[in-house]
Amino acid sequence: MTLSHFIDEAISPWMRDQGPDSDIVLSSRIRLARNFSEATFPLIADKEELEHIKTFMKDEFADGTFQDNVNFEFIPMQDISSVEQRVLIEKHLISPLLAKKSAQGAAAMISQSEKISVMINEEDHVRIQLYFPGLQLSKALEKAFEFDDWLEEKINYAFDESRGYLTSCPTNVGTGMRASVMMHLPALTMTKQLTRMVPAINQLGLVVRGIYGEGSETIGNLFQISNQITLGRTEEDIIEDLQSVVHQLIEHERQARKRLMERSGTKLEDRIYRSLGTLEYSRIIESKEAARCLSNVRLGIDLGIIKHISRNILNELMVLTQPGFLQHYAKKTLKANERDILRASLIRERLQLEKK
Amino acid sequence: MECQECHKRPATLHFTQVINGNKTEVHVCEVCAKEKGYMSFPDEAYTLHNLITGLFDFDSSINPQKKAHLKQSKELQCPKCEMTFSDFKRLGKFGCAECYNTFSSKLDPVFRRVHSGNTLHHGKIPKRKGGHLHLKKELDSLRIELQSLIKNEEFEKAATIRDQIKDLEQTIKNKEEGEAE
C-alpha cells in the first residue's frame with residue numbers, strides 16, 4: 001500500500017509548481033458530481049448496491065491509466081484509520097462526509113500527484129476533484145472534462161436532456177460543477193474591505209467561505225470563492241464569471257497591499273516580523289494564532305520583506321499544523337494542549353530547515 | 001416572572017399546554033424549556049441545507065385544509081426508490097435519477113429558487129448518451145450566430161455559417177436515419 005505518501009507529506013506534489021497569480025491565488029479546483037443512472041443515490045442506497053459501485057470503480061479504473069501515465073491509488077475508507085482519514089480531509093483530498101460513510105462503501109481514488117481525486121459513494125456516486133496551482137480555472141476545467149470523458153467510457157451517467165447531470169442534491173443539478181478558487185487576502189481583510197465586497201459577490205451567484213468548505217470559519221486570511229448556480233449556465237460561462245471576480249479581488253488585494261506599505265509600512269513590517277518571531281520562538285501555539293502568524297509571514301514573503309523563506313510555507317504549515325496531521329506525526333491521540341506544544345515545535349523545526 | 005422550573009432565571013417562554021383537555025399555563029426559561037423537553041431544538045446549527053429545504057415548501061400558500069386534501073388524494077412517489085415528494089422536501093435530496101421524472105411537475109419552482117431562475121441545463125452532455133444531441137446544440141448556437149450576423153449585415157460571414165448549418169443538418173439527418181435502421 002502506497003497510502004503513506006499521501007499521508008506523510010503535508011504538501012501535495014502539485015502545490016510545488018507555481019501557477020499564475022500565485023502570490024494571491026493558492027489553488028483552483030473543479031469538482032464534478034456524477035451518478036450512475038441505474039443505481040439509487042448513496043443517500044438511500046443499501047450497502048450491497050454501494051459495495052457494487054465501489055467494486056466497479058476499483059475494477060474499471062483503479063489500475064487504469066488516464067493520460068501521460070497518471071495512475072491512481074484506490075483507498076476504501078474502511079481500510080484506513082480515522083487519523084489517516086483526517087489527514088486526507090486536511091489536505092482537501094476527501095470530504096468529512098466521505099470519511100463518515102466508511103461503513104457504507106465509501107472510497108477515494110487519488111492520483112499520485114494528488115491533482116485528481118475521486119470520491120466514491122459520498123453524496124453522489126462519483127465526485128471528481130481536480131486541483132491546479134494558482135489561477136488556472138480553464139485549464140482545470142479542460143482536464144476535468146477529459147477525465148470525465150474517460151470515466152464516461154465505462155459509466156452510464158444519470159443525465160437528462162433538460163435537467164443535465166442528475167445529482168442527489170438539487171443545488172448541484174445541471175453541470176454538477178463547483179469551481180472554486182482559494183485566495184490569500186490579508187490586506188483586504190486587514191482593511192475590512194472584503195466584508196463590504198462579499199454581498200456584491202453573492203449577488204453574482206458566487207459564495208465566499210473558509211478553506212474547509214461550507215460553514216467553516218476563515219483561518220489565516222484564506223478564502224474560497226465558488227459558484228453557487230449549477231443549472232442553466234454552461235461550465236465555461238460559470239468559470240468566466242468566477243474568474244472575472246477573482247481578477248478583481250486580486251487587483252484590489254494588490255492595491256490594498258501597496259497602500260498599506262505606503263501609509264503604514266513600518267507598522268506592517270512590525271506585524272510581519274512579530275509573527276515570524278512568534279513562529280520561530282514560541283513553545284506553545286494554538287492553531288488560530290499559528291494560522292494568523294503564517295498568513296502575516298506569507299504576506300511578508302510576497303512583499304519582499306522576508307526573503308529567506310519559501311512561499312509554500314503557508315500552504316504546507318497550514319496543513320501540517322492541523323489536528324489530524326499532528327496526531328499522525330505523533331502516532332498517538334493528542335489532547336489540545338499537547339497539540340499546541342507539538343505544533344509550536346514542528347513550526348520551529350520547519351523554519352530552521354529554511355535557514356540552511 | 002421567574003421560571004417555574006428553576007426559580008432562578010426569568011421566564012422567557014410562555015405557552016398554554018392542553019393535555020387530555022386539561023389546560024395548563026407554562027412559564028419557563030429557555031434552559032429549562034430545553035431540559036424538560038418543552039421545546040425541541042435541532043441538534044445542529046441552522047445550515048444551508050435547512051434553508052434550502054425551507055425553500056422547497058412552496059405549497060404553503062395553499063390553505064392548510066386544501067393542502068391536506070391534496071396530500072391524501074395523491075402523494076407523488078418515485079416508483080424506483082419509493083421516495084415521496086414530502087420525503088424529498090424533508091431531506092432536500094433526491095433518492096435516484098428517476099425522482100427527477102416523478103416529481104418533474106413540481107421541480108421548476110425549486111430549481112428557479114436555487115439556481116437564480118434557471119430550470120434548464122446548458123452545458124456538457126455525456127458523449128455516448130448525447131449521440132447527436134451534441135450536434136443539435138451546436139446547430140442551435142450556429143443559428144443564433146447566423147441571426148446576429150444578418151442583423152449586423154455581415155452577409156459574407158453569414159453565408160459561411162449558413163453552409164455550416166446545412167452540413168450539420170445533413171450530418172444529423174444521416175445519423176438519425178442510421179440509428180433508425
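The structure is a predicted model.

The interface of the two chains is formed by 43 residues of chain A and 36 residues of chain B. The size of an interface is often expressed as the accessible area that is lost when the parts come together. For chain B and chain A, the buried area amounts to about 3,400 Å², and 59% of this area lies on carbon and sulfur atoms.

Polar and charged pairs also span the interface. Between chain B and chain A, 19 residue pairs are in polar contact, with both residues at pLDDT 80 or more. Five salt bridges are found across the interface. One of the pairs in a salt bridge is B:Lys127 with A:Asp149, whose closest N and O atoms lie 3.0 Å apart. On the side of chain B that touches chain A, at least two residues each come from helices α2 (48-56), α4 (85-91), α5 (97-102), α6 (104-114) and α7 (127-130) of chain B. The largest contribution to this side is made by α6(B), which supplies six residues. By residue class, the side of chain B that touches chain A comprises 19 nonpolar, ten polar and seven charged residues.

Chain A contains an open sheet of eight strands with antiparallel pairing, in the order β2-β3-β4-β5-β1-β8-β10-β9. Its edges are β2 (72-76) and β9 (206-209) of chain A, each of which pairs on one side only. On average, neighbouring strands of this sheet are turned by 20 degrees against each other, with direction ignored. Within the sheet, strand β1 (residues 25-34) of chain A runs antiparallel to strand β8 (residues 177-184) of chain A, and seven bridges join the two. In this pairing, A:Ile30 is placed opposite A:Ala179 of β8(A).

Strand β1 of chain A also takes part in a link to a helix through A:Arg34. The side chain of A:Arg34 forms a salt bridge with that of A:Asp148, with an N to O distance of 3.0 Å. This pair connects distant parts of the chain, as A:Asp148 belongs to helix α5 (residues 137-152) of chain A and the two residues are 114 residues apart. Over all chains, the count of salt bridges comes to 28.

In chain B, strand β1 (residues 13-19) and strand β2 (residues 22-28) run antiparallel and are joined by seven bridges. These strands, β1(B) and β2(B), form a hairpin with two residues between them. B:Asn20, located in the turn, has a positive phi of about 50 degrees.

Notes:
Residues numbered from 1 in each chain as written. Chains lettered and ligands numbered in written order. Predicted model: local features only at pLDDT ≥ 70, side-chain atom pairs only at ≥ 80, totals over all residues. Heavy atoms only, no water. Contact = heavy atoms within 4.5 Å. Buried area = accessible area lost by both parts, 1.4 Å probe. Salt bridge = Lys/Arg side-chain N within 4 Å of Asp/Glu carboxyl O. Polar contact = N/O pair within 3.5 Å; in protein donor to acceptor, adjacent residues only side chain to side chain. Helix = DSSP H or I, 4+ residues; strand = E, 2+ residues; numbered from the N terminus. Nonpolar A, V, L, I, M, F, W, Y, C, P; charged D, E, K, R; others polar. Pairing = 2+ DSSP bridges. Axes fitted to C-alpha atoms, helices over the stretch in contact; angles between N-to-C directions.
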